[in-house]
Every structure is written in structure tokens, then in C-alpha cells.
Amino acid sequence: PLKPSRRGFRLLSIAVLGPVVAGAVVARGQDEGQDSLFKYLSVFQDVLRLVRQAYVEEVSMDQLMEGALDGAGDALDDFTTYVPADQVDTYRRVLEVGDRLSGLVVAKDRGVLYIVSVVEGSPGDAAGLERGDIVTALAGESTRTMPLWRAQTILAGEPGGRVPTSLLQDGVPADVELTLTPFEPPLVSLSEHDGVALIRIAVLGEGTAEALRTALETLAEGGTDRGLLIDLRETVSQDMESAYDVARYFAGGDLGTLSSREGVIETFLGGGEPVWDGELVVLLGRGTIGAAEVLASVLQEAAGATVVGQPSYGYAGRLALLPLSNGAHVRLTDAFYSGPSGEPIRSSLTPDVEVNERSRRYAEKDLALGELTLRRAVEVLRGETAVEDAA
């Protein structure tokens, strides 16, 4: 028979050993007793022995374990990644750079690298990349077996670097060139839509709270009493602290928590009187993730906001880089943030008024979904569409 390639081996190890390791990890968090953990480890040991004995090519234990651990991370969630020992120092620098050169947040699900979000005004935005695009190749490398840490490293390369990128956009192949460039993202913008005040928060991070205060003060000077729309669709950031900072302009008291399996790590509280206490409608979308989901939760639960749009991404976790005994590290979720209810945000937030293809009226059949969401939000704010009727 033909000799299998090393790529084939890597796929085999991820597909077979990865879920087994993941099962062992998950079993540790379940109350099934110690026997459950030993059961998973026993299966893993048997598979490991069979692969080493029966595989056509001789393979090293390090290679086998790396493939298994990479697959295990993929099985836990889309943001977990196993980082080899010789790449840890480089990866720390990558985490410091983040999306500041590309504007892209990427994740991996069952071997598929995809774009979670694109920062407005970023190189990724300029190149025409969109949330949900599947990345098939980066810098000439196939992403099929590329670990997440490697993709993030490429996207955090040297400023001015060019990254040829192959994509599937709505199932259609496309090739673009991404130029890594520092950029200043828009934080907060104030506008008017159909006679209603609209605040768009593009990025939650350093400076967002101050920019929002300026927008709210400008709004107050105009004497508006028609309520306010806050657009959190495609809002990018994992800076959870900034979400609570922004939320304090709208709500007081208990705003949320950071909790791990062991219990509450930190509690976030409002400070003083809210700057805005009028009616609020929050726009939500599939690209609303992380800090934006935290903010939406606080506004909905503590400020009485009505949420309109599509279910959010469903992930507001804290990622930690943890060492392993072999010098490698694994970056995984060790805690989750919540709104005032204390419920960890690990699944999609559900809008009070969901907007989808089934919610169109005949006269709206040609409207893009984004425009339809905005229209429905204005109607809710004006009282033209009751939440109960929409439901």
C-alpha cells in the first residue's frame, strides 16, 4: 500500500487521540469519581500504543502527543490552543500584539479556521474580510492542520508584512492580500437614524468609556427625550473591564462577576448615578462577542434595555496561558464573565425581539438583515412594535 504522509498522520492523531484527551479533561470537571478519569486515560494509552505499533512510519512520542493535545484543545472550545515549548516566548509577544496589526479575531472549530470578527477601519476590513469567512490558507500555508497559535502568530507578524490569504466567503473561493499595519479603530460614534439618536460602539477598550461620555454629554445638550439606540453588532474586544466601565454610565449596583469553577473571583459594581437613565434599545448580532456580550447583558438586566437583533456569539471567557510539565503551554478558558444575574456567558444571548428572515414583512423583503434590524429597533424605541407582539 502507499505510504501515508505525515499530514495524514497528524489528522489521524487529532481525530482519534484529541477527543480522547478532551474526554479525560472534561471528566475531571464532572462528578463521576476517579474511575472515570482512569477509564479515559486507559483508552488514550491503548490508542497511543496501537498507533505507534501499527502505523507504517515510525513516529516520535513528542509528535504524537503534540497532535493529540492540539486536537484536545480543539475539542474544548474554539479559542483553546496548545503551544509547543519552543514557541511559548514568541506566542507571548503575539498575545501582546493581538489584533492591532490585522484587525482580525480568528478561532478554530473542528479543524476549520474562521474569522470571528473584523475591526472597523482595520487592514482586514480594507481587504474585504468578513465575519464568518473560512480561512483556507495563510501566507502560503494550508490552515487544515495549522494550529490556532500558528495562525495568530502569522497575523501578528512584522508591521508592513504582506499575508496572502485564501478564503471561502459564503462558499465562494477568494484570494486577498492582507497588509499588517498599525491602525486606530473608531471607538464611539454618535449619529441620528430616522430621527432617533444612535451610538455605535465599534471597539471596547482603552478610551471607549471616555469617548462614550463625550457622546452622551453631546446628546444631553440636544435635550433629546426620544430614547437611545446602542449598536453592539460586530463590536470587537476581549477587554472585559472596559465593558463594565461603559456599563456604569447606564446602571448602578451589581453589574456582574468573573467566576471560575471554584467560585466568584471578582465582582463588578456600578459607581454613583448613571449618566443616562432614559429608554434604551440595544442592537445585537452574531458578531457580538466577549466584552460586548457583557455590556449587552448589563444593559438588559440592570438598565432595562430592550435587545433587538440576532443571538450573539456566546463567549465571554477569560483566556489564561498555563504551563505544562514538558515546557509547552496551553491557552484555555479558566473563568467566565457574567451580567448582574451571575449567569456565566458561555452561550448566545437571546434578543427580546429577534430579527431574522422569518420576521420580514412583505414591504421589507428587499432590505438587508442589518438594515431590517435597525428599522425594528427604531420601531421598538418609538413604541410602534411591542416586544410581546414581536415575540
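Q: Why is serine 242 called buried in this predicted model?
A: Buried means under 20% relative accessible area. Serine 242 has a relative accessibility of 4%, so serine 242 counts as buried.

Q: Where is serine 242 found, and what does serine 242 touch?
A: Serine 242 sits in helix α8. Leaving aside residues up to four places away in sequence, serine 242 touches Leu204, Gly205 and Ser237.

Q: What does the side chain of serine 242 reach?
A: The side chain reaches the backbone oxygen of aspartate 239, at 2.6 Å. A polar contact needs a pair of N or O atoms within 3.5 Å, and 2.6 Å is the value here.

Q: How do you know that the buried residues of α7 line one face of the helix?
A: Let's begin with the list: Thr208, Ala209, Leu212, Ala215, Leu216 and Leu219 are buried in α7. Seen down the axis of α7, these buried residues fall within an arc of 120 degrees, so they line one face. On the other side of α7, Glu210 and Glu221 are exposed.

Q: What covers the buried residues of α7?
A: The cover includes β8 (188–193), β9 (196–201), β10 (228–231) and α8 (240–247).

Q: How does the reach of α7 compare with the span expected at 1.5 Å a residue?
A: Helix α7 covers residues 208–221, which makes 14 residues. From its first C-alpha to its last, α7 reaches 20 Å, close to the 20 Å expected.

Q: What makes leucine 228 count as buried?
A: The cut-off for buried is under 20% relative accessible area. Leucine 228 is at 0% relative accessibility, so leucine 228 counts as buried. This residue lies in strand β10. Not counting residues up to four places away in sequence, leucine 228 touches a list of residues including Leu216, Leu219, Phe250, Trp276 and Leu381.

Q: How many residues apart in sequence are leucine 228 and leucine 381, and how far apart in space?
A: They are 153 residues apart in sequence, while their C-alpha atoms are 7.7 Å apart in space.

Q: Why is the pair of arginine 150 and glutamate 141 called a salt bridge?
A: A salt bridge needs a side-chain nitrogen of Lys or Arg within 4 Å of a carboxyl oxygen of Asp or Glu. The closest N and O atoms of arginine 150 and glutamate 141 are 2.6 Å apart, so the pair meets the definition. The structure holds 18 salt bridges.

Q: Which parts of the chain does the salt bridge of arginine 318 and aspartate 334 link?
A: The two side chains meet at 2.9 Å, N to O. The pair links distant parts of the chain, with arginine 318 in strand β15 (residues 317–323) and aspartate 334 in strand β16 (residues 329–337).

Q: What makes aspartate 366 exposed?
A: Exposed means over 50% relative accessible area. Aspartate 366 has 68%, so aspartate 366 is exposed. Aspartate 366 forms a salt bridge with lysine 365, with the closest N and O atoms 3.4 Å apart.

Q: Where does pLDDT stay under 50?
A: The stretches include residues 1–7 and residues 24–34. Where pLDDT is low, the predicted coordinates should not be read in detail. The protein chain averages a pLDDT of 85.

Methods: Residues are numbered from 1 along each chain as its sequence is written. This is a predicted model: local features need pLDDT of at least 70, side-chain atom pairs count only at pLDDT 80 or more; totals for chains, interfaces and linings use all residues. Side-chain values use heavy atoms; hydrogens and water are left out. Helices (H or I, at least four residues) and strands (E, at least two) are DSSP runs, numbered from the N terminus. The expected span of a helix is 1.5 Å times one less than its number of residues. Buried means under 20% relative accessible area, exposed over 50%, partly exposed in between (1.4 Å probe, protein chains only). The arc is that of the directions from the helix axis to the C-beta atoms. Contact means heavy atoms within 4.5 Å. A polar contact is a pair of N or O atoms within 3.5 Å; within protein, one must be able to donate a hydrogen and the other to accept it, and residues adjacent in sequence count only if both atoms are side-chain atoms. pLDDT is the predictor's confidence in each residue, from 0 to 100.
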